[in-house]
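Q: Hi, I'm new to this one. Could you walk me through it?
A: Happy to, let's have a look.

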Amino acid sequence: MGALPVFRWRLAPDGYATRRQLRARGLRPGGQDVAAQLERPRRRRGPLVAYLYRVELAKPVRPMTPARWAALAKANRARRICPQCRRDAGYVIPPSLGMCTPCAFPEPSDSLRSA
């Protein structure tokens, strides 16, 4: 594979789209390689890069089946369970904490009651 064509930010020709742009049209890359890239220059850092795919080679997004919906619901439910207290936190547990807020930041009176 040769070097990718590089376009300046907002100056890509028609027929190219990012993953998000494809998804907004109900499409996916469908196994095709990256066709080009956009570069947005930044001061004091390297440029921001966005990869582009050919729109005519994109395939339709696969529909969600009942089994896929169930698997997604199960995965999201698992992200709500605190590994410390095993309760449903009612929100997705932040990876930075690794546990629900009450377990991560216990009230001083809670530790006295358990002692």
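Q: How many bridges join β2 to β5?
A: β2 is joined to β5, residues 45-54, by 2 bridges, and the two run antiparallel. Strands here are DSSP runs of E with at least two residues, numbered from the N terminus, and two strands pair if DSSP finds at least two bridges between them. This is a predicted model, where local features need pLDDT of at least 70 and side-chain atom pairs count only at pLDDT 80 or more, while totals for chains, interfaces and linings use all residues. Residues are numbered from 1 along each chain as its sequence is written, and side-chain values use heavy atoms, leaving out hydrogens and water.

Q: Which residue in β5 is the bridge partner of Ala 17?
A: That is Tyr 53.

Q: And what order do the strands of the sheet take?
A: The open sheet has 4 strands, ordered β1-β4-β5-β2, with mixed pairing. At its edges are β1 (6-8) and β2 (16-17), each pairing on one side only.

Q: Switching topic: which residues make up the largest nonpolar core?
A: There are 7 of them: Phe 7, Tyr 16, Ala 35, Ala 36, Leu 38, Ala 50 and Leu 52. β4 and β5 are the elements that give two or more residues to this core. A nonpolar core is a set of buried Ala, Val, Leu, Ile, Met, Phe, Trp, Tyr and Cys residues joined through side-chain atoms within 4.5 Å. Buried means under 20% relative accessible area, exposed over 50%, and partly exposed in between, using a 1.4 Å probe and protein chains only. Another core, of 6 residues, lies apart from that one and includes Ala 17, Leu 22, Leu 27 and Ala 58.

Q: Why is the pair of Phe 7 and Tyr 16 called tilted?
A: Their planes are at 55° and the ring centres 5.6 Å apart, so the pair counts as tilted. Rings of Phe, Tyr and Trp (its six-membered ring) pair if their centres lie within 6.5 Å; planes under 30 degrees apart are stacked, over 60 edge-to-face, and the rest tilted.

Q: Last one, where is Gln 32?
A: Gln 32 is in the loop between β3 (27-28) and β4 (36-42).

Q: Buried or exposed?
A: Gln 32 counts as buried, because its relative accessibility is 15%. Leaving aside neighbours within four places in sequence, Gln 32 is in contact (heavy atoms within 4.5 Å) with Tyr 53, Arg 54, Leu 57 and Ala 58.
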